Amino acid sequence: MVYVVDDKCTKCMACTHVCPVDAFREDEKLLLIEPDVCIDCGVCVPECPVAAIASQSDADGKWVKYNAEKSKTCKPPKKD
């Protein structure tokens with residue numbers, strides 16, 4: 001199962017720097033994970049200071065759907 005981000009996300013970007021496949025996308029409110037890119041490695045989970053990242057099996061179905069649909073239209077966040 002890949003990971004998803006929920007509405008606890010504060011867009012701190014801590015998770016984006018550890019993702020080996022650049023699966024994160026940025027919308028106007030929060031970061032998202034594109035499920036077709038995520039490799040389920042889990043390295044982003046402990047980096048999130050607000051626990052906004054969960055596996056799809058543990059996440060609310062609405063956030064699974066939101067990440068899957070919205071990430072397709074969003075761009076990757078800019079890296080420093």
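My entries follow, from the overall fold to single residues.

**Ground rules.** I am reading a predicted model, where local features need pLDDT of at least 70, side-chain atom pairs count only at pLDDT 80 or more, and totals for chains, interfaces and linings use all residues. Residues are numbered from 1 along each chain as its sequence is written, and side-chain values use heavy atoms, with hydrogens and water left out.

**Fold.** I looked up the elements and found one helix and four strands. Helices (H or I, at least four residues) and strands (E, at least two) are DSSP runs, numbered from the N terminus. Their order from the N terminus is β-β-β-β-α. I then checked the radius of gyration, which is 11 Å; the globule rule gives 12 Å for 80 residues, so the protein is as compact as a globular protein of that length. That radius is taken over C-alpha atoms, and the rule is 2.2 Å times the number of residues to the power 0.38. The C-alpha trace spans about 30 × 25 × 20 Å along its principal axes.

**Surface and contacts.** I asked how many of the 80 residues count as buried, and the share is 41%. Buried means under 20% relative accessible area, exposed over 50%, and partly exposed in between (1.4 Å probe, protein chains only). The protein exposes about 4,600 Å², and carbon and sulfur atoms supply 52% of it. Accessible areas come from the Shrake-Rupley method with a 1.4 Å probe; for residues, only the protein chains shown count as cover. Next came contacts, meaning heavy atoms within 4.5 Å. Of the contacts with a separation of 6 or more, 69% are between residues 24 or more positions apart.

**Salt bridges.** How many salt bridges does a search of the whole structure find? I noted six. The test is a side-chain nitrogen of Lys or Arg within 4 Å of a carboxyl oxygen of Asp or Glu.

- I looked at Asp-6 and Lys-8, whose closest N and O atoms are 2.7 Å apart in a salt bridge. Asp-6 is buried at 15% relative accessibility, while Lys-8 is partly exposed at 41%.
- I looked at Glu-28 and Lys-70, a salt bridge with its closest N and O atoms 3.6 Å apart. This pair links distant parts of the chain, 42 residues apart: Glu-28 is in the loop between strand 2 (24-26) and strand 3 (31-33), and Lys-70 is in helix 1 (residues 61-70). Glu-28 is exposed at 57%; Lys-70 is partly exposed at 24%.
- I looked at Lys-72 and Glu-34, which meet in a salt bridge of 3.4 Å, N to O. They sit 38 residues apart, with Lys-72 in the segment after helix 1 and Glu-34 in the loop between strand 3 and strand 4 (53-55). Lys-72 is partly exposed at 44%, but Glu-34 is buried at 12%.

I also found a network of salt bridges that links Arg-25, Glu-34, Asp-36 and Lys-72.

**One cysteine.** Where is Cys-15 found? It is in the loop between strand 1 (3-5) and strand 2. Is Cys-15 buried or exposed? Cys-15 is buried, with a relative accessible area of 6%. Not counting residues up to four places away in sequence, Cys-15 touches Phe-24, Leu-31, Cys-44, Glu-47 and Ile-53. I checked Leu-31: Cys-15 and Leu-31 are 16 residues apart in sequence and 9.4 Å apart in space, C-alpha to C-alpha.
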